[in-house]
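I begin with charges over rings.

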Amino acid sequence: MRFVILAIVFGVAPLMTAAQRDSAPRNDLPQPYRTTRDWGELPAGVKWAAVTAIEPAPDGTIYVIHRCFENSCAGRPEAPILKYDASGKLLASYGQGMFVFPHGSTVDAAGNLWVTDAGGASGKGHQVFKLSPAGKVLLTLGKAGVSGSGPDLFDQPTDVVVAPNGDVFVTDSHRNGKNNRVVRFTRDGKYVKEWGRKGSGPGEISEPHTIAMDSQGRLFVGDRENNRIQIFDQDGKFLEEWHQFGRPSGISITKDDRIYVADSESWGTDTGAHELPRIKKGIRIGSARTGVVEAFIEDSESTAADHAGAEGVGVDVKGNVYGGVVRRRMLERHVLK
C-alpha cells in the first residue's frame, strides 16, 4: 500500500520494464524530505569523524559508526560505535581500540551489531565483528591485521548482512583490493562459499562496497566501480543488475522493501574508478521489488568535484533517513516534509 501511495504522489507507475530498470539515474526526481545535520549527542570532547554506517535496531535504538578522528581509528582513543535512542540521546559508546577503518555494519534479528574493518595496521583490521547490544564481542571473522583471500581471511571487508536463518554475507575488498567477492558463512562463522571476481560482466564485481537483503532473501550488492547494483540469490546465482539508482556506496532495504541507495561519488571527474559524469550525488529511493525510483534526496554538494556525498544510509522505524558523510564528516537526518 505504501508503494502505491508513493507512486501516486510522485507520479510514478508501479510497474517497470527491464529496459527502464536498466536506464540511467535521474537528477530530477521529487525531493520530499527536509534535512537537518549533525543529529545526535556526542561524547564529551568528541567531534564527528567520517560517518560510515547507520543501523536502526529492533528495539528502536540506532547505532552510528564513525571513524574516531577525521577518517581513521588507528591509534585513537575515541569510541567508533555510538548508540542512540530515537530522539538522538547518546545511550552508550564502545569499540575503543578495536578498529582501524570501521566501514559497513548491520543489525541482526536478535539485535546484535556486526561491523567490518576495511583497514589494516599494527596487528588490527581486515575483520568482521559481531557485538552484543551491550558491546561484548560474540564472534570474529578473519585474522587480525592479516590481508588475504580464501575462507579465513579478508582484504578490506566493506559490509555485512545477516539472513533470517543467521547466515552471514560479507562483501570483501575496497578499491583496488584483492578479492572483489561475496563470502557466505554460517551463523557460527563456518565458511560456506564465495562468488565474484574482478570484472564488469554479470556476476563479476569491481569494488563490492555495500550489501543488503530484501524480504525475499535476495542480496543487493553495490558494485560501485561498475556503477550498478547486482542482485543475487543466497547461493550466488546472478539474477539481475540495476543502474537506475546511481553509483552505490550504501544500500538500505526496509521490511516493506523500500530501497535507499546512497551515491557519494558521481558527477566529479573520473579518478580511474569510472565515476558517473553529470549524475548528482544523493540518496535515491524506490522499490526493491520493481526497481522503480521514486524520490531523490539531493546532497548539499551534489555537483562537487570530489566524493562529497552521503556514503552510508540507514532508515529508522518512522521512515527518517540518515546519511553518513565521510569527506565532510557529519551525520544527516532527512524527515518527510
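I looked for charges over rings, taking NZ of Lys or CZ of Arg within 6 Å of the ring centre and within 35 degrees of the ring normal, and found the charged end of Arg67 over the ring of Phe101, 3.6 Å from its centre. I also noted the charged end of Arg284 over the ring of Phe296, at 4.4 Å from the ring centre.

For the record, I am reading a predicted model, in which local features need pLDDT of at least 70 and side-chain atom pairs count only at pLDDT 80 or more, while totals for chains, interfaces and linings use all residues. Residues are numbered from 1 along each chain as its sequence is written, and side-chain values use heavy atoms, with hydrogens and water left out.

**Aromatic pairs**

I searched the whole structure and got 10 aromatic pairs, where rings of Phe, Tyr and Trp (its six-membered ring) pair if their centres lie within 6.5 Å, with planes under 30 degrees apart called stacked, over 60 edge-to-face and the rest tilted. One of them is the tilted pair of Trp39 and Tyr84, with 5.4 Å centre to centre and 55 degrees between the planes. This pair links distant parts of the chain, since Trp39 lies in the loop between β1 (33-37) and β2 (51-56) and Tyr84 in strand β4 (residues 81-84), 45 residues apart; strands here are DSSP runs (E, at least two residues) numbered from the N terminus. Both Trp39 and Tyr84 are buried, which stands for under 20% relative accessible area, against over 50% for exposed and in between for partly exposed (1.4 Å probe, protein chains only).

I then turned to Phe232 and Phe238, whose ring centres are 6.2 Å apart with planes at 75 degrees, so the pair is edge-to-face. Phe232 is buried at a relative accessible area of 0%, whereas Phe238 is partly exposed at 28%. Phe169, Trp195, Phe232 and Phe238 form one aromatic cluster.

**Sheets**

Where do Phe232 and Phe238 stand relative to each other in the strands? Phe232 stands opposite Phe238 in β17, and four bridges join strand β16 (residues 228-232) to β17 in an antiparallel run; I count strands as paired if DSSP finds at least two bridges between them. The open sheet has four strands in the order β14-β15-β16-β17, with antiparallel pairing. Its edges are β14 (208-213) and β17 (238-242), each with a single partner strand, so one side of each is left without a neighbour in the sheet.

I looked up another open sheet of four strands, also antiparallel in its pairing, in the order β1-β24-β23-β22. Here β1 and β22 (310-315) stand at the edges with a single partner strand each. Strand β23 (residues 321-325) pairs with strand β24 (residues 330-336) in the antiparallel sense over five bridges, and Val325 stands opposite Met330 in β24.

**Cores**

Last, I checked the nonpolar cores, meaning sets of buried Ala, Val, Leu, Ile, Met, Phe, Trp, Tyr and Cys residues joined through side-chain atoms within 4.5 Å. The largest has 15 residues, and Tyr63, Ile65 and Leu113 are among those with the most contacts inside it. The elements giving two or more residues to this core are β3 (62-66), β7 (113-121) and β8 (124-131). A second, separate core of 14 residues includes Leu29, Ile229, Phe245 and Ile253.
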